[in-house]
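Dear colleague,

I am passing on the structure that you will be working with from now on. Please have a look at it first, and then read the notes below, which go from the whole chain to some of its parts.

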Amino acid sequence: MKVAIFSTCVVDLLFPNVGQAMVEVLERLGCETSLPTNQVCCGQPTYNSGYHKESNKVFYNEIDALLSTDADYIVGPAGSCVAMLRQYPHILKDNPDYSKKAQELADKSYEFSQFVYNILGVVDAGAQLNAVATYHRSCHMTRLLGEKTAPFALLDNVKDLKMVPLPHLENCCGFGGTFSVKEPEISKQMVDEKVDSIISTGAQVLISADASCLMNIGGRFSRRNENIKIMHIAEVLNHNVDASRIRYKNQPTTV
């Protein structure tokens, strides 16, 4: 199975370790990966700021870049950014040059954990992490992609990892891309509320499938001197892996 990596701006520029972990997990699970070099940004920041026409060139570039390979699927490490790719067909529905290509892109684009669990059918990636952790469910991945199951199912099978439910799981972390820049005081109150909820769990590690959320929450941890580690789910699934423990759906558990 051939997979093109949708690197996303935040991971490419700030969390390259997440991209590396994602590739290592996918290749361990039998995928052949490639990284389209001309990709830049999905266009979400400008589009959500109201620059709709101005964002079209960014959309065209991303479509051409990600479809430049013969990959069967396109996989990204952020539910928010993948959700943006899924919106391209609606945005470009009246564009004769890009409407079909936008639909092709959307049809084979998946967030990392969603792809591992739903497409590859993996329930146990063979990872091990001795820690108490909680999971932040990002808004766009939940509400736009509609994915609520995959990350939890995969984390439930990480050896020695104790997952603690996060109170007010549905609440936003306050990042929202340009929202945190335009409304910094409101954003600060939202992330403080999120941090308080995380602290109440007693977790040593905060896990999420969106690096932008981890960046925002992790930044607040730092400013409040909170000793809580942030980890992307790809990093968790790539931690202390025993490949003999990898297990797929409908595969019996061996003792």
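The domain assignment of the chain gives two parts, domain 1 with residues 2–118 and domain 2 with residues 123–237, and please keep in mind throughout that this is a predicted model. The C-alpha centres of domain 1 and domain 2 lie 22 Å apart, and the contact between them takes 29 residues from domain 1 and 24 residues from domain 2. About 2,100 Å² of area is buried between domain 1 and domain 2, with carbon and sulfur atoms giving 70% of it. On the side of domain 1, Phe15, Ser113 and Tyr117 lose the most area to domain 2, and together they make up 23% of what that side buries.

Next come some strands. Strand β1 (residues 2–5) pairs with strand β3 (residues 73–76) in the parallel sense over 3 bridges, and in this pairing Ile5 stands opposite Val75 in β3. Strand β3 also pairs with strand β4 (residues 109–111), again in the parallel sense and over 3 bridges, with Ile74 standing opposite Ser109 in β4.

Is Gln39 buried or exposed? Its relative accessible area is 10%, which is under the 20% cut-off, and therefore Gln39 counts as buried. A polar atom of the Gln39 side chain lies 2.8 Å from the backbone oxygen of Ile5, and a polar atom of that side chain lies 3.0 Å from the backbone nitrogen of Ser7. Leaving aside residues up to four places away in sequence, Gln39 touches Ile5, Phe6, Ser7, Thr8, Asn61, Glu62, Ala65 and Leu66.

The last element to mention is helix α12 (residues 211–223), whose 13 residues reach 18 Å from the first C-alpha to the last, close to the 18 Å expected at 1.5 Å a residue. Because 10 of the 13 residues of α12 are buried, this helix is largely enclosed by the rest of the structure. Among the buried residues of α12 are Cys213, Leu214, Ile217, Arg220 and Phe221, and what covers the buried residues of this helix includes α1 (9–14), β6 (128–136), α11 (184–200), β8 (205–208) and β9 (229–232). After α12 comes Asn225, whose phi is positive, near 60 degrees.

With best wishes

Technical notes: Residues numbered from 1 in each chain as written. Predicted model: local features only at pLDDT ≥ 70, side-chain atom pairs only at ≥ 80, totals over all residues. Heavy atoms only, no water. Buried < 20%, exposed > 50% of the residue type's maximum accessible area, 1.4 Å probe, protein only. Polar contact = N/O pair within 3.5 Å; in protein donor to acceptor, adjacent residues only side chain to side chain. Contact = heavy atoms within 4.5 Å. Helix = DSSP H or I, 4+ residues; strand = E, 2+ residues; numbered from the N terminus. Expected span 1.5 Å × (residues − 1). Pairing = 2+ DSSP bridges. Domains from an automatic or database assignment. Buried area = accessible area lost by both parts, 1.4 Å probe.
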